[in-house]
Amino acid sequence: MRANSHARHIVKAITWRILGTLDTILLSWIITGNALTGLKIGFAEVITKMILYYFHERVWFKINLSKSGVVLESRKRHLAKTFTWRAVGTTDTMVISWIISGNPFIGLKIGFAELITKMILYYLHERAWYKIDFGLERRRLRKAKNKTNE
């Protein structure tokens, strides 16, 4: 069962990274006016973001925000994950953008633009994955049990 949760987090990391990279490339291109710079920034963060996202998922998998002992699976949890991930992701983007462009203000502009676009995309990504049972054997079994009891 643990391997399933790891597989889920790896697949979530990949799907999020595709969305996030496309967003970063587009924003970087718009802000710098240079498509090549946008591509460099977008592809440079692919590796760092996938590693950071995987560990972010593992930490949140172990966090229990409810008082009753049941893991809180709700919009509140997804919003909290959105804000914590955005802090990690934006910091990474600003540093990488600064290094590639050589201009700290480019890094700040891209980072601030991402605060909005990425939080919206991340929240929608979390909501979509909440509806998917891949890697969540217990939830799948609970749903099957509830259907049997109906």
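Tutor: Start with the elements. Helices (H or I, at least four residues) and strands (E, at least two) are DSSP runs, numbered from the N terminus. Thr37 is found in helix H2.

Student: How many helices and strands are there in the protein?

Tutor: Five helices and zero strands. Along the sequence the pattern is α-α-α-α-α. This is a predicted model, where local features need pLDDT of at least 70, side-chain atom pairs count only at pLDDT 80 or more, and totals for chains, interfaces and linings use all residues. Residues are numbered from 1 along each chain as its sequence is written, and side-chain values use heavy atoms, with hydrogens and water left out.

Student: What is the mean pLDDT of the protein?

Tutor: The mean is 84, and 83% of residues reach 70 or more. pLDDT is the predictor's confidence in each residue, from 0 to 100. Among the elements, helix H4 (residues 104–130) has the highest mean, 91. Helix H5 (residues 137–149) has the lowest, 67.

Student: Why is Thr37 called buried?

Tutor: Compare the value with the cut-offs. Buried means under 20% relative accessible area, exposed over 50%, and partly exposed in between (1.4 Å probe, protein chains only). Thr37 has a relative accessible area of 17%, so Thr37 is buried. Leaving out residues up to four places away in sequence, Thr37 touches Thr32 and Ile100. Touching here is a contact, which means heavy atoms within 4.5 Å.

Student: Is Glu126 buried or exposed?

Tutor: Glu126 has a relative accessible area of 3%, so Glu126 is buried. Glu126 is found in helix H4. Not counting residues up to four places away in sequence, Glu126 touches Lys12, Tyr53, Glu57, His78 and Lys81. Glu126 and Trp16 are 110 residues apart in sequence, with C-alpha atoms 9.2 Å apart in space.

Student: What makes Thr117 partly exposed?

Tutor: Its relative accessibility is 25%, so Thr117 falls in the middle class. Thr117 also lies in helix H4. Setting aside neighbours within four places in sequence, Thr117 is in contact with Asp23 and Leu27. Leu27 is 90 residues away along the chain, with 9.2 Å between the C-alpha atoms.

Student: And why is Pro104 partly exposed?

Tutor: The relative accessible area of Pro104 is 31%, so the label is partly exposed. Pro104 is in helix H4 too.

Student: How many aromatic pairs are found in the whole structure?

Tutor: Four. Rings of Phe, Tyr and Trp (its six-membered ring) pair if their centres lie within 6.5 Å; planes under 30 degrees apart count as stacked, over 60 as edge-to-face and the rest as tilted.

Student: What makes Tyr53 and Tyr122 an edge-to-face pair?

Tutor: Their centres are 6.2 Å apart, and the angle between the planes is 75 degrees. Phe55 has 51% relative accessibility, so Phe55 counts as exposed.

Student: Which residues make up the largest nonpolar core?

Tutor: Five residues: Ala13, Trp16, Tyr53, Trp85 and Tyr122. A nonpolar core is a set of buried Ala, Val, Leu, Ile, Met, Phe, Trp, Tyr and Cys residues joined through side-chain atoms within 4.5 Å. Ring pairs link Trp16, Tyr53, Trp85 and Tyr122 into a cluster. Ala13 is in contact with Met50 and Tyr53, leaving aside neighbours within four places in sequence. In soluble globular proteins, nonpolar side chains tend to be buried together.

Student: How do you know that the span of helix H3 agrees with its number of residues?

Tutor: The expected span is 1.5 Å times one less than the number of residues. Helix H3 (residues 75–101) has 27 residues, so it should span 39 Å; its end C-alpha atoms are 37 Å apart, which agrees. Buried residues in H3 include His78, Lys81 and Trp85. Just after H3, Gly102 takes a positive phi of about 80 degrees.
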